[in-house]
Structure formats: structure tokens, C-alpha cells
Amino acid sequence: MGYLDIQRIHKKFGDKTILHDLSFQLEKHKTLSVLGKSGCGKTTLLKIMAGLLPPDGGDIFLADQNITLVEPQLRGAVYLYQQPLLFPHLNVHENIAFGLKIRHLPATQIKEETQSMLHELGLDGLQHRMPEALSGGQKQRVAFGRALIIKPNLLLLDEPFGALDIETRVVMQTLFRKIAAEHQITSVFVTHDLKEAVLMGDHIALMDNGQLVVYPSLQAFIDDERTGMQNEIKFWKLIK
Amino acid sequence: MRKAILTVLSLLFLMPIGVLILLSVAESWRFPMLLPQAITFDYWKDFFRSSGNMNHSIGLSLLLAVTVAGAVTMAGFFTSKLVQKQENKRFLLQLAYFPYSFSPVIYAFCVQFLFLRLGLSGTFAGVWIAQFLLAFPFAVLLFSSHWTPVLFDMEQMVATLGGNRWQAFREVLFPMSKSILMLAFFQTFLISWFDYGLVSVIGVGKIQTLTVRTYQFVGESNVYFAAIASLLIIWPPLMLWWVNRKFIFV
């Protein structure tokens, strides 16, 4: 059994089956990239893992605990949206400290940990800024900081860099890899970008027809025509 | 030009209030005099001393308006959130327009029989419930555009960060909704404060709010007391307008 063990998850909206007996496992401190077309059910899968949507069937195990019926606030699974969703009435420091504040930790501890996180994310000097005064990349850094500071058991990322320009996106991808390694994060990273899926994941999976195929190796991922990797490689060879 | 138009509009708005103030302190003011011949504060003294427990009416109006507005605002806020999550939300919102398809007096006559049977007619509770029922759909409609997908996502974000529903409301939803909550409170306060039809019909003369008393003075042709009562009626709305301008829609 993996650290994250998804067993035969089933989900329907009306007559349409979105997830069909979907199962996979993920080891601790690893990132699984999930690739798939828009509307294939990637977000539904993440929301079910986060506890924001109930599955119609199946079980979710996290660290050997069945969390299928556990309330989202007790799962320790933070869901990061494509939009940073910073709380507009709180400044950068207060946004990052949010998770610690609602846990009623001592003020000195909150201050220390938040300062440390600000430094780690390269946000020194921005602690008093309000969200509307931040760039897209800075906002996403704050969103990461807000999620990481509570040391989540599982990080669920729903195309977090989808709204960023290419340059910022590359910077954020590098930053995420660094932070994921340093904080030993276990995460599921959803994207529809082939390159990003390869770059971000220790493992790569493809969501198709309500099922998830987790590839044993990068070569297996490339070999599967459904991923589109072969067309991508052909294209770049042609350009060359 | 803009300044001149604004000045004229301000004067037009302030003139009736000025006339009420003059009328409330005019010892004698006969046609064709432009201003009162003498000023006196005796009417104000008599108003609170001898016109039949006016303090009680003012207190009753304030209690009714504040509690109705508070309850309606909170109930409307959470109900509109629930409505937004329903598949048939459009139909439910259309239903909310129903009480406004006829005047409050007609509405009061429609519910009067039920209130009589329930023993609520002529009671504070009866008037309170009737005003709540009238103002509640208004609050639901007002909040309906506030519940955007982003706000729901924010609430879910708090949940995955470890916050319970109360923390999500206190720390995120409430601060983000402060302006519209205040607006809803003010609007529903005014609905209750100025209500005459429901109080008259459901209150059957036993619930003597300030508005009801003002109409009584007008009916009795007691222009001086009517002027004082009118000034007292417009005082809270003016205060709310000032608070709105100063602290909310800055």
C-alpha cells in the first residue's frame, strides 16, 4: 500500500460518469503529475481527494488511514487552485500565517515561521503588501507559502501555473521542485501541459475516459500514443 | 456648472427638512409670512411630555427595525448562499420577487387571517414576523449576486487549510462581505423603520411605532407634532446615509 492509496473511486454527475473505478498509489515525498484534457475529470479527482466532493464509491487511504469520509479540514490535504485565491483583506504576512492562526498557535511562533517562509519564497520586504499589489508570480508564491506553512500531508495542485506567463511559469516550476524536495512534500500535480507534466512529476499519469494510467517510466509515457509525446518529439525534430 | 447643479439638488433635498425644522419651532407662522414670527421649543417639550409616551414609540420603532434588519441580514446571507448551490436557483430567486408583486398593505391583508388564527395579530411578535417575511426575500435577492464561484472557492480553501465553517465565516467570508452585509442591514432597517402598512394592519392600532404616530398627527392636523415626528423619523436614515458615505462606500 502506498502513502496515498486511491481505490476504485467512482463519480458520476447526472448520467455522465467522470471517474470510473479509478485507482492508483503514490509513495511518500513524491509528486505525481496528472495529465489530461480539459473536462476529463482531473479537478473532480483532486476535489474528491481534498474532501470537497464526495465520491459515489471507492476509498481513499492516506498514511494507512481511510479518509474517504473525513471532513476536508481534518485531512491535511491542501488544494491549490489555478488562481492563487489570496484573501483580499489580509496582507502577505497574514495570508501566509492564516493556517497557523486558525490553529491558535502562539503569536511568536506564527511570526517566526511566517518570516522564515517569506524568506524561503523570496518574498522578503513584501510582508505588508496587500494581494492586489502583487504580480501573478508573487501571488502564487504566497499561495504556496500559505499551504506549506501548515506542513500538509498532501498537496493537491490544480494547474497552479496555468494563468502565469511563460517566464514566470518556468521560475515557479523550478521553485516548486526545490520546495517540494526541501519540505518533502507528497503531491498530485494536475496539468494539461506535456512539458510541465514531465518536469514536475516523479511519476507521470494520464487521465483518460475516467481512468488513470500511471506510467512505470518516462519511456513508457513516451511510448503511449495517447499522451501526445510522440507527436511533440516529432514536431521538435522537424523544427531542428 | 456641475457644482451649481449639485448645489440646487442639495437645496431641493434639504428644503423640506428645513421647513420641518422651522415648523417644529414656529410659535406662529401664518400665510403669507415667509418665516415664523417667533421661535419656541415648547412643542418639543410638549411632544415628549404630553403626547402619549412618544419615547416608547421611538424605542419600539428602533427595537423593531434593528432586530428585523439584523435577523433578515443574517438569514438572507446564508439563505442566498444555499440558493446559489441549488440546481433550480433561478426559480427560487423568481419566487423571492413574489411579495413585491403587490403593496405591503395588500400583503398584510393576505396574511392577516393567518396571523389572527395564530394569535399574532396586535402583538409585537406578529409585526416583527410580518416585517421579517417582507424584508427577507429582499435580502436574499440582494445577496444573490454576491455569492460568486470565487467566494465558494475561498471557503473551500479555508477548509483544506484546516479551518472549520465558523472560522471560514469569521476570518474570510464575513470580512469579504462586510460592505454588502452593511448595505443589506441599512436597506432592511429602512424597510422596517418606514413601514406603515404592515404595522397598521397586523398591529391593529396596538403597536404604536413612530411612523404610525406620525400618520396619526397628520390625520389630526397637528402640524407641529407631525413636523417633530417627521424629523425624528428621518434622523436614523440620515445617520445611516452618513455612515454609508463615511465608512462603507469610501
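Start with the residues around the largest cavity: 3 of the lining residues are nonpolar, 4 are polar and 1 is charged. Keep in mind that this is a predicted model.

Which residues line the largest cavity? They are B:Ser61, B:Leu64, B:Ala65, B:Ser192, B:Trp193, B:Asp195, B:Thr209 and B:Thr211. H3 and H8 of chain B are the elements that give two or more residues to this lining, and H3(B) gives the most, with 3 residues. The space inside the largest cavity comes to about 30 Å³, and the structure has 1 cavity of 30 Å³ or more.

Now for the largest pocket, which holds about 860 Å³ of space. Its lining is made of 28 residues, and those nearest the centre are A:Leu52, B:Lys85, B:Glu155, B:Gln156 and B:Arg165. Three helices of chain B, namely H3 (54-84), H7 (149-160) and H8 (165-193), each supply at least two residues of that lining. Which element brings the largest share to the lining of the largest pocket? That's H7(B), with 6 residues.

| Lining | Nonpolar | Polar | Charged |
|---|---|---|---|
| Largest cavity | 3 residues | 4 residues | 1 residue |

To tie the two together, look at the helices of chain B: H3 and H8 each give two or more residues to the lining of the largest cavity, and H3 and H8 also each supply at least two to the lining of the largest pocket.

Conventions: Residues are numbered from 1 along each chain as its sequence is written. Chains are lettered from A and ligands numbered from 1 in the order in which they are written. This is a predicted model: local features need pLDDT of at least 70, side-chain atom pairs count only at pLDDT 80 or more; totals for chains, interfaces and linings use all residues. Side-chain values use heavy atoms; hydrogens and water are left out. On a 1 Å grid over the protein atoms alone, a cavity is a set of points where a 1.4 Å probe fits but cannot get out, and a pocket is an open set with protein on both sides within 12 Å along at least five of seven lines; lining residues have an atom within 4 Å of a point. Grid points are joined across faces, edges and corners, and a volume is the space filled by probe spheres set on the points. Helices (H or I, at least four residues) and strands (E, at least two) are DSSP runs, numbered from the N terminus. Ala, Val, Leu, Ile, Met, Phe, Trp, Tyr, Cys and Pro count as nonpolar, Asp, Glu, Lys and Arg as charged, and the others, Gly among them, as polar.
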